[in-house]
Structures are given as structure tokens and as C-alpha cells.
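Take a look at the sequence and the model below.

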Amino acid sequence: MSHFVDQNLLMEPVDKGWRLLSSFRYYSDTLNQTITVPHGFFTDLASVPRLMRWLVPVANAKNRKAAIVHDYLCCEAVQNMYGIDQRMADKIFREALAVCDVHPVGQWVMWTPVRAYQWARGLFK
């Protein structure tokens, strides 16, 4: 069963984002392995244009962990390390949202713009 191995999330605010003060692990059933987000990783949590924030919630305490895992998995070097592509990273994001106990409608509301953005950039694979 997918789960966050580390329950405590230590971060510090930095210019336009957050930096992890300790490593952070998530076990993914989809990937069948543990993803380790390293100490010092920078994240903006959720890149949601202001115009869409009424529809798509910016990362909050409930979905923050899923947003961090997704930001990490969006790095090309990390995708190569885990042998995944952007579509798989987005699938793991949706899985992690479920683990965070985000309602299925909320999962869809957060996941759909992520996929649409990738399609618009020509990265939809």
C-alpha cells in the first residue's frame, strides 16, 4: 500500500518557495519502490497560475506532501534515475493525493491541469 514513510516534513521558506530541511520518503505502489526526496530540495509546492487558483487549490497542509513528491519527479534526472516519464510522475502525483486523503474530485481537479500543461508543452507521452 502506498504511504509516506516519513510523516514529519521539515521545510524552510526561501525566495519564491520552500527548501527541505531533511530527506523525505514516499513508497509508491505504482512504482513499486520508495522515492527519496533529498535534503535541500527546492519546491514551489504547486505552480498554479493566479487566474486558476479559484478552481485548482494551491498546495496546502493536506496536499503538500504529494506536491513535493511530484515536483521532485518532474526533474528529468530524477525521471531517468527511477526509469519513469512525465506521465508516470503525474500518475504517482494522483496516487500520492489519494494517500493524503484528498477527495477523488479534488484529485481530479489538481491532476487534470498538470496533464493539460504537459500536453500544451508537447510532453504528453
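D90 counts as buried, because its relative accessibility is 0%. This is a predicted model. D90 forms a salt bridge with R115. The closest N and O atoms of the two residues are 2.3 Å apart. Where does each partner of the pair sit? D90 belongs to helix 3, and R115 belongs to helix 4. The two residues are 25 residues apart, and the pair links distant parts of the chain.

R115 is buried too, at 5% relative accessibility. The cut-off explains the label: buried means under 20% relative accessible area.

How many salt bridges does the structure hold? The count is 2. One of them joins the side chains of R25 and D6, at 2.9 Å from N to O. This pair also links distant parts of the chain. R25 is in strand 4, while D6 is in the loop between strand 1 and strand 2 (11-14). They are 19 residues apart.

D6 has 17% relative accessibility, so D6 counts as buried.

## Around R25

Stay with R25 in strand 4. Which residues does R25 contact, leaving aside neighbours within four places in sequence? They are F4, V5, D6, T34, I35 and T36. D6 is the salt-bridge partner of R25.

V5 and R25 are 20 residues apart along the chain. Their C-alpha atoms are separated by 5.3 Å.

## Aromatic rings

Now turn to the rings. A pair of aromatic rings is described by two things: the distance of the centres and the angle of the planes. The structure holds 3 aromatic pairs. One of them is F4 with Y26, a tilted pair. Its centres are 4.7 Å apart, and its planes make an angle of 45 degrees. F4 is in strand 1 (residues 3-4), and Y26 is in strand 4 (residues 24-28). The pair links distant parts of the chain, 22 residues apart. Both F4 and Y26 are buried.

F41 and Y72 form another pair, and this one is edge-to-face. Here the distance is 5.3 Å centre to centre, with 85 degrees between the planes. F41 lies in the loop between strand 5 (33-37) and strand 6 (42-43). Y72 lies in helix 1 (residues 64-73). They are 31 residues apart, and they link distant parts of the chain. Both F41 and Y72 are buried.

## A cluster, and charges over rings

Together with F24, they form one aromatic cluster. F4 has a further neighbour: K65 lies over its face, at 5.4 Å from the ring centre.

What sits over the ring of W111? The charged end of R94 does, 4.8 Å from the centre of the ring.

Most residues other than glycine have a negative phi. Which way does N32 go, positive or negative? N32 has a positive phi of about 60 degrees, although N32 is not a glycine. N32 is in the loop between strand 4 and strand 5. N32 counts as exposed, because its relative accessibility is 57%.

D101 is not a glycine either, and its phi is positive, at about 70 degrees. D101 sits in the loop between helix 3 (86-99) and helix 4 (104-120). At 58% relative accessibility, D101 is labelled exposed. The cut-off here is over 50%.

## A buried serine

S28 is in strand 4. S28 counts as buried, because its relative accessible area is 0%.

Note on methods
Residues numbered from 1 in each chain as written. Predicted model: local features only at pLDDT ≥ 70, side-chain atom pairs only at ≥ 80, totals over all residues. Heavy atoms only, no water. Phe/Tyr/Trp six-rings, centres within 6.5 Å; stacked < 30°, edge-to-face > 60°. Helix = DSSP H or I, 4+ residues; strand = E, 2+ residues; numbered from the N terminus. Buried < 20%, exposed > 50% of the residue type's maximum accessible area, 1.4 Å probe, protein only. Lys NZ or Arg CZ within 6 Å of the ring centre and 35° of its normal. Salt bridge = Lys/Arg side-chain N within 4 Å of Asp/Glu carboxyl O. Contact = heavy atoms within 4.5 Å.
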